[in-house]
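Visitor: I would like a close look at one part of this model, and then its setting. Please keep to what can be read from the coordinates.

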Amino acid sequence: MALWTLFGLASGKATTAWPRAGGDSGQDGVLGMPRYNPAACREGCAECAAVCPTHAIELLEGGVAVDYGRCVVCQLCTEACPANAMTPSEDWAFGVRDRQDLLWSETGASSPAQAASDRKAFRRSLHIRHVDAGSCNGCESELQALNNPFYNLHRLGMFFTASPRFADLLLVTGPVTHAMREPLKAAYEAMAEPRWVMAVGTCAVSGGISAGNYASGTGLEGVLPVDLYLPGCPPNPAAIMEALLMFLDRAPQRVRGGRIHG
Amino acid sequence: MIGTQARTLAPDELQPAAQDLLAAGGRVRFAYAWSPDGVVEVRYIASIPDRRVFESWVVKGFRELPSLAAVFPSIGWYEREMMDVNGLRFTDHPEPYPLVLKDSGEELVNAIPAATGRPRLPKIDAVDVQQLPFGPIRADVLESAEFTFVYVGEHIIHYQPRLFFKHRGMETCFEGADSGRAVVTAERVSAVGSVAHALAYCEAVERAADCAIPTRARAVRVLLAEMERIYNHLHYLGHLSHTTTLKVGEAQGKLLEEKAKQLNARLTGSRLRSLLAPGGLRRDLDPGRWLGDALEDLREEFTTYVEKLENSESHLDRLITTGLLTQKVAFDQGATGPVARASGIDRDLRRDHPYAHYDGLPLTTPTFEDGDAYARERVRMAEVEASFVLCQRILLLLEPGPVRVECKPAPLAEGLGWTEGPRGSVYYAVHVGGDGRLARVKVKSPSFSNWRAFPFTVHDSNMMDYAINEASFGLTIAGCDR
């Protein structure tokens, strides 16, 4: 044991200072949601919509409608677009309070994000119950990473808890398979109020690749009331941290109208 | 099927063929059904020792077949899946209840997988015997599955996992899709095996299309596959240390995993997914000098880490003799990957059925006879070391060149692809329809095989060892449930 203690001490601190200024988010090179530039979009071209596996892009008169809540970040549209109207970006931090903010809009306007007073008491101590409702284990892999020494989620006062009775936030991954629907609802029912729900990963937001087939649902919509959406496939640990901080009003919501501001 | 030698069999020839295969030391690897032109067809994919080519047995036009589970117990689950999803019947099946879905055939939409797929629990009516159902939502950040323990004190008498709560019907997501783009679906079957799944899928499509992949693309595929193995095994070691309550060992394993994932992201733009597409790579990437240096730094940290684990008695004491999987059970139940190699089964698809750029690379296949949790840990430790060697070799021989060719399988083409993923063998059988789009894709994942073998190591063990034993198998549930 002494061996490990000495090794641990000698190794020094591995934890990043992020999200404090100057800290390393650890996401060097990670691609995020493709950026839509309607000015470059060619009339009558439907390449991006044709290749999108989850119908995140739909044709409209004079352009396309983009729903980042359905985007699985596969980058196929950025390869298919002949006009650079869909380009790769590093916009991976896509947490929002209102589902509407995941839809691309010309104005980039949204329902004003208000500080929620009922959350004030939880700002420095949030307990999270995770429920896997049929994920591909990508979200779990990144959620588990939150407690590695690099991100060290505990330092922000956020903890995963075993029992829904002790949890303030239900964090759900996966498209909600038919078999997980009842266990998921039971976990929610077991939580004390006030209680909130976070949809992590595009599957939990809208169903993802297997949405609505014979075994899968279409995410949390219509199953549980959602307070926080974070699409991504999977969202990386820094994106999850930023969304949680935003939920607790410790960071601003940067995504409005399907775009990152500031 | 390209990649296999096909044999058409009548139902009554199935069992003799299986007996012959078993006598020759071969194994039916997996089986599936589909219905081209409305006529049901069952396929069995078999491998024969020392033969690179697989055999594919085709049984056409019968909805009721004799079960092969008595010859190859591991095939029992594939047959049950076909009963659930394809509405077939297998006579004399030893476990004829649903596996994947509640009701086979009818009412699929409302079916609740696994909910009534509860295999009969033994009726134990004795004082002091307790029954503990655990799951499907488990403590900590874990995948969903339910386990029932029947135990006295610390001693587990019987253990029954109920899986398939996470069944997403992933195989149907391929149907009707474009074969070039459906690689993104293959990546999402099991995220921690994204590269293995994408590679097996691409190999299958490429065999169906009979196209030759540029050397650079084949080499980069090996690099990505080995980097996936590295981060998976590092996670494994961290998680195993967690179960033996070696806190710093856990932190270090997971920190190294994080570093490996960050290298993936810098190289490919994604921490978990791949860059593969049928025909090669979706785009070229530039490993430059930095990757070789970064991998070497990681290897040095890994070596120090392993030395420490190997000198931690409290860790080793919990692993040695824990969760014993005998070679016979491993073979019969179809165990694969590091789990099989820790039980004396010397098999590695990279060596036995070379693909991508593995032919000619300095491959080592560490194999141990002990079959305990410690052997499973040592196999993985040795594999990480071997993966670092492979990565450096690839970086040395990487020449500039094209990374993608046109790859479009003809209508009605079919192909088999395989890879040795971090957890074992992944197979994809791909059938193209008359319209040139995918008609049927069968996914065989390693965890589907290893979940069958695992319960055999739990019976007659004790509660305190359970978490260690489960971690030592390194199972995923998404891959199994699909």
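Which residues does A:Val172 touch, not counting residues up to four places away in sequence?

Guide: This is a predicted model, so what follows describes a prediction. Leaving aside residues up to four places away in sequence, A:Val172 touches A:Val131, A:Ala133, A:Leu184 and A:Leu220, together with A:Val197, A:Met198, A:Ala199, A:Val200 and A:Ala204.

A:Val172 belongs to the largest nonpolar core, which has 220 residues. Within that core, A:Val172 is among the residues with the most contacts, alongside A:Met198, A:Ala199 and A:Leu230. Of these, A:Met198 and A:Ala199 are also touched by A:Val172 itself. The largest share of the core comes from chain B: helix H6 (residues 215-243) of that chain gives 14 residues.

Chain A is built from seven helices and eleven strands. Of its 262 residues, 51% are buried. Among contacts in chain A with a separation of 6 or more, 78% are between residues 24 or more positions apart. The radius of gyration of chain A is 19 Å; a compact globule with 262 residues would have one near 18 Å, so the two agree. Along the principal axes, the C-alpha atoms of chain A fill a box of roughly 65 × 45 × 35 Å.

Then the contact between the chains. Here 51 residues of chain A are in contact with 50 residues of chain B. On the chain A side, two or more residues are given by each of helix H1 (2-11), helix H3 (76-80), strand E5 (126-132), helix H4 (138-145) and helix H5 (178-189). H4(A) provides the largest share of that side, six residues. By class, the side of chain A that touches chain B has 28 nonpolar, 19 polar and four charged residues.

Chain B has a division of its own, into domain 1 (4-91) and domain 2 (170-481). The centres of these two domains of chain B, taken over C-alpha atoms, are separated by 26 Å. Between them, 13 residues of domain 1 are in contact with 15 residues of domain 2. Strand E2 (27-34) and strand E3 (41-47) of chain B each supply at least two residues of the domain 1 side, and E2(B) gives the largest share, four residues. That side of domain 1 consists of eight nonpolar, two polar and three charged residues.

Notes:
Residues are numbered from 1 along each chain as its sequence is written. Chains are lettered from A and ligands numbered from 1 in the order in which they are written. This is a predicted model: local features need pLDDT of at least 70, side-chain atom pairs count only at pLDDT 80 or more; totals for chains, interfaces and linings use all residues. Two residues are in contact if their C-beta atoms, placed from the backbone, lie within 7 Å. Ala, Val, Leu, Ile, Met, Phe, Trp, Tyr, Cys and Pro count as nonpolar, Asp, Glu, Lys and Arg as charged, and the others, Gly among them, as polar. A nonpolar core is a set of buried Ala, Val, Leu, Ile, Met, Phe, Trp, Tyr and Cys residues joined through C-beta atoms within 7 Å. A residue is buried if 20 or more other C-beta atoms lie within 10 Å of its own, exposed if 12 or fewer, and partly exposed in between; C-beta atoms are placed from the backbone. Domain bounds come from an automatic or database domain assignment. The radius of gyration is taken over C-alpha atoms; the globule rule is 2.2 Å times the number of residues to the power 0.38.
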